[in-house]
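Keep the coordinates open as you read.

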There are 2 protein chains.
Amino acid sequence: MDAMPTATEILAANNDAVTAATRCLDRIAAREEAVRAWAYLDPAAALKTAVALDAGPRGALHGVPIGVKDVILTRDMPTRYNSPIHDEPATSADAGCVAVLRAAGALMLGKTETVEFAATGTKAPTRNPHALDHTPGGSSSGSAAAVADGHVPIALATQTGGSIIRPASYCGIWGIKPTWGLVSNEGAKSFAPSLDTIGWYARSADDLSLILDRFDPEPARSATLAGARIGIARTPYWAEAGPATRDAIARTEQALRNAGAVIEEVALPDDEWSDIARVHDLVMHAEGGAAFLAADVTGGDGLHANMRAMVSARTASNRQRLVEAYDKAAAWRRAFDALAGGYDAILTPSTVAEAPRGLAATGDYLFNGMWTLLHVPCVNVPGCIAANGLPVGVTITGPRFADRRVLAMAAAIGALLSG
Amino acid sequence: MDAMPTATEILAANNDAVTAATRCLDRIAAREEAVRAWAYLDPAAALKTAVALDAGPRGALHGVPIGVKDVILTRDMPTRYNSPIHDEPATSADAGCVAVLRAAGALMLGKTETVEFAATGTKAPTRNPHALDHTPGGSSSGSAAAVADGHVPIALATQTGGSIIRPASYCGIWGIKPTWGLVSNEGAKSFAPSLDTIGWYARSADDLSLILDRFDPEPARSATLAGARIGIARTPYWAEAGPATRDAIARTEQALRNAGAVIEEVALPDDEWSDIARVHDLVMHAEGGAAFLAADVTGGDGLHANMRAMVSARTASNRQRLVEAYDKAAAWRRAFDALAGGYDAILTPSTVAEAPRGLAATGDYLFNGMWTLLHVPCVNVPGCIAANGLPVGVTITGPRFADRRVLAMAAAIGALLSG
């Protein structure tokens, strides 16, 4: 596993696509029975695509194998959403994000397991590579586990609640949820359009940046921690944080102080902000009512009761609450940007704790939903370990569209934590 | 043309799908050469689908023929976006809105002409049925002309700037742009996700309501004009309104007074609101930069320069302006809802004037973009006529999610204007 190369290493070695793909497929063959990260994988077809890539011009991501969460459309593989409603291979155009990466020479290796419709309902069968009886988190379960276990260097994911950052924290990998709107959602399953965000996983900060290069016209940058102003946002939910999360924040804080950073507590006034997780939930479920209407009227009992309940809840009073939630969210976005603009980065928990035991639940998104609602970029930095040996991450965030700055600070902090 | 039935009439007559489809196909055969509303139409395949519908249970929209704007995915017809990038028949799952209507027994008859990607660039070849040397408006050119000319009773459309309401005004038909988020955009081309809205055209207010029944859980209602409080929002752009638009507003105002409504001018303070069309444009073009990235990197010169320019304009300074625009828009939404909540309906222009001559330009969306930005429901009410004999509409609007109320008031006003 340690020997599996990152995307940056594959490119530096000038590997051909067939070599890179073969290495991934061998690793998957050895590990998939245990990890169960893949919803669809056709090794022969993937190798054929790799051969075609090697015969053409070399793009910026030549031959980099990528796992695609199975709620994102691919022209050459089915998309099934972990739903019995879509039980036949579908053909379609590529989702926008897939088309962009493919145009740069990346190889879409297969589709990764997901919670039903990247929402709620049937869970992925995927296991946490660090402890197979623990969840990898969800809904991007397969993408996170595949990257953590060395099946692919990069995997695409989506977040509406905490579906990118939480699995990254549980699986001990790098994950980015970019600013809402930075990457087009076209061709990814719609759940809550004002929240849905496409992002990705990697085993290094450089690899996150390599993919960001395709979407963000601002150039990559580096960051210095000496003298940097770092805000710690414990959020209104700090009382819920378990020992591993408290330790991760404390360890990161101490490492930052040792590196010469200036640390301040970021005040999100409790009386105004304590409601933010509930407001996020409200928006997510209300928008889900429109998103899942088609599956509800066409899929009948094939759609999980959790999503049918969202459709049934489209009442006048709930819509009035939705409008109020939109207006609150907009005010919070503005306030947080102003606040975060005064720091080089904001440090905040990624998850309540390390990955819980069992696969029946994918963990809590309490520390993620608020940032999804705020539209701000979040990077999970791995490197901390719970008492039971499982990984737990911390989140670096900042104002909307400060993705490059947030990622640069996260990279510097990650180097500290692993150093 | 006058003899072509509305959807409500088709359902009341208990028509079978084959009869309804045949009548539409005959009308199209006689008129398409002049109007050019259809991007894709396979009469034999449509009739086969109608036969299958008649063999099954009768849904609430049994056999109602619907035209689908060619930026909305259909499982049984290609989607080409009026773009050379998509020159092959694509197969895909139905867009959410199509799946919902199909599940109710509606017949997707064909795909209607659109401006390239429902955005900007190559125009539809469609002509205004009221004067073939005039534009029907855009970007939903084919859907509006097809309904106006009796090809289909209903057609699906999309609006990001003014692409539903403007063609409705120019073609003298009913059109609704629902509240943003009421109808899922899944499977429709993404241009600016915080603005993109699916709506539809019809030749009666009852028909608009019949389709709204599938998406809005609130029941249809009727409205009384006697004693109703109607606000007239001339908007900061009233000085741009031409004679036909001024006459249409004046005639509607007088008819409302005669019916016993109470009329007030709605104050959108010029110093605060004069910027709203520019802010709408800014959001639309900035979000378009992300939406068209995939077409830009894969389609090369096949993508119109207007959209390539949006991709190139994704700079840090433009993103800062975008964030400021988001925050302004959010404040305006809240302010307008509070204002509009004090009225039974808001009356405002649909277009600067009647349809301009020529097909090279599709007219001005000056009076539409602000309402798209505000996310509020808009209904175009036909019934007024310019000095040159061309139709011009007026818009009825109201707070977010007041779609049923707005449509009921629009129906009552439409009855006045045609009475």
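Is A:Y81 buried or exposed? A:Y81 is buried, with a relative accessible area of 10%. Keep in mind that this is a predicted model. The backbone of A:Y81 deserves a look too. Its phi is positive, about 65 degrees, although A:Y81 is not a glycine. The residue sits in the loop between β2 (65–69) and α4 (96–103) of chain A.

A:F117 is another case. This residue is not a glycine, yet its phi is positive at about 55 degrees. A:F117 lies in the loop between β3 and α5 of chain A. A:F117 counts as buried, at 1% relative accessibility.

Next come the peptide bonds. A:G138 and A:S139 are joined by a cis peptide bond, with omega about 5 degrees. A:S139 belongs to the loop between β3 (107–112) and α5 (141–148) of chain A. In chain B, the bond from B:G138 to B:S139 is cis, and omega is near 0 degrees. B:S139 is in the loop between β3 (107–112) and α5 (141–148) of chain B.

Now the cysteines. The structure holds zero disulfides over all chains. A disulfide needs two cysteine sulfur atoms within 2.5 Å. For A:C97, the closest cysteine sulfur is in A:C378, 19 Å away, so the gap is too far for a bond. For A:C378, the closest cysteine sulfur is in A:C384, at 17 Å, again too far for a bond. A:C97 is buried at 1% relative accessible area, and A:C378 is buried at 2%.

A:R102 is in helix α4 of chain A and A:D76 is in the loop between β2 and α4, 26 residues apart. A:R102 is buried at 13%, while A:D76 is partly exposed at 35%.

A:R357 forms a salt bridge with A:D133, with the closest N and O atoms 2.5 Å apart. A:R357 lies in the loop between β9 (345–349) and α14 (369–374), and A:D133 in the loop between β3 and α5, so the pair ties together parts 224 residues apart in sequence. A:R357 is exposed at 63%; A:D133 is partly exposed at 38%.

In chain B, B:K111 and B:D70 form a salt bridge, their closest N and O atoms 3.7 Å apart. B:K111 is in strand β3 and B:D70 in the loop between β2 (65–69) and α4 (96–103), 41 residues apart. B:K111 is buried at 0%, and B:D70 is buried at 3%. Back in chain A, salt bridges with shared partners join A:R75, A:D76, A:D94 and A:R102 into one network.

Terms used: Residues are numbered from 1 along each chain as its sequence is written. Chains are lettered from A and ligands numbered from 1 in the order in which they are written. This is a predicted model: local features need pLDDT of at least 70, side-chain atom pairs count only at pLDDT 80 or more; totals for chains, interfaces and linings use all residues. Side-chain values use heavy atoms; hydrogens and water are left out. Helices (H or I, at least four residues) and strands (E, at least two) are DSSP runs, numbered from the N terminus. Buried means under 20% relative accessible area, exposed over 50%, partly exposed in between (1.4 Å probe, protein chains only). A salt bridge is a side-chain nitrogen of Lys or Arg within 4 Å of a carboxyl oxygen of Asp or Glu.
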